[in-house]
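Subject: Structure handover and notes

Dear colleague,

I am passing the structure on to you below, with my notes on what was found in it. Please read the notes with the structure open beside them.

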Amino acid sequence: FPLNNYKFIKFDFVDKKSLPIQIISASLNTDGNISKSDLIVLKDFTQNITQDKTSKTTSIDIRFKTKQVIEGLKFNITAPDYFLRDATLSIDNTRKVNGSVEHYFAPVTSFQLNSSSQNKFQIGELFEKNLRIEIQNEDNLPLTIDGIELFQESVALISNLNANEKYRIVVDSTLAMPKYDLSYF
């Protein structure tokens, strides 16, 4: 599926020269469970980890080249052996203040990093380019983070297609997002 933040997607199949395509099913994992087979690991992002000793926090800035759907994250923490830290995930946002545009990070969700768990979190669906994760260290040493994995859930479209036929999927990025009354019900 194309990356988008639409509530509904319409597919038009042009089948003028053949029999209609029968869609057997289309699915999206919405049961809230994350398993490794249902996730796609996102690549091509940069992360920058900075420590602020005065506020006793660790900030992790994550940047993609274009907006991405992000639905889960996992921390690979190697040290210390025992930890329990509060963390907040924020997205890059803008607002007008006294006629000028101001950039800030708006909190989206909070979670706890814990040495006795896998530190894998489902965060809902975000469609963003820049993220910030802020970890409260308090009086502890900062965590040694080996890496962060970002995930999106897989989406499937199942159809019975003939082996010798040619099919083409066209994604038109110039289309505007539809506004249907149905999305409110």
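Strand β4 (residues 57-79) and strand β8 (residues 144-153) run antiparallel and are joined by seven bridges, where strands are DSSP runs of E of at least two residues, numbered from the N terminus, and two strands pair if DSSP finds at least two bridges between them. Within this pairing, K74 has E149 of β8 as its bridge partner.

Please bear in mind that this is a predicted model, in which local features need pLDDT of at least 70 and side-chain atom pairs count only at pLDDT 80 or more, while totals for chains, interfaces and linings use all residues. Residues are numbered from 1 along each chain as its sequence is written, and side-chain values use heavy atoms, with hydrogens and water left out.

β4 also pairs with strand β7 (residues 120-136), in the antiparallel sense and over 13 bridges, and there Q68 is partnered by E128. Strand β3 (residues 45-52) is antiparallel to β4 as well, with eight bridges between them, and T46 stands opposite R63. Four residues lie between the strands of this hairpin, in which K56 takes a positive phi near 55°.

Strand β4 also holds D61, which counts as buried because its relative accessibility is 12%, the cut-off being under 20% relative accessible area (1.4 Å probe, protein chains only). The side chains of D61 and R132 are joined by a polar contact of 2.6 Å, a term for a pair of N or O atoms within 3.5 Å, one able to donate a hydrogen and the other to accept it.

Definitions and conventions. Buried means under 20% relative accessible area, exposed over 50%, partly exposed in between (1.4 Å probe, protein chains only).
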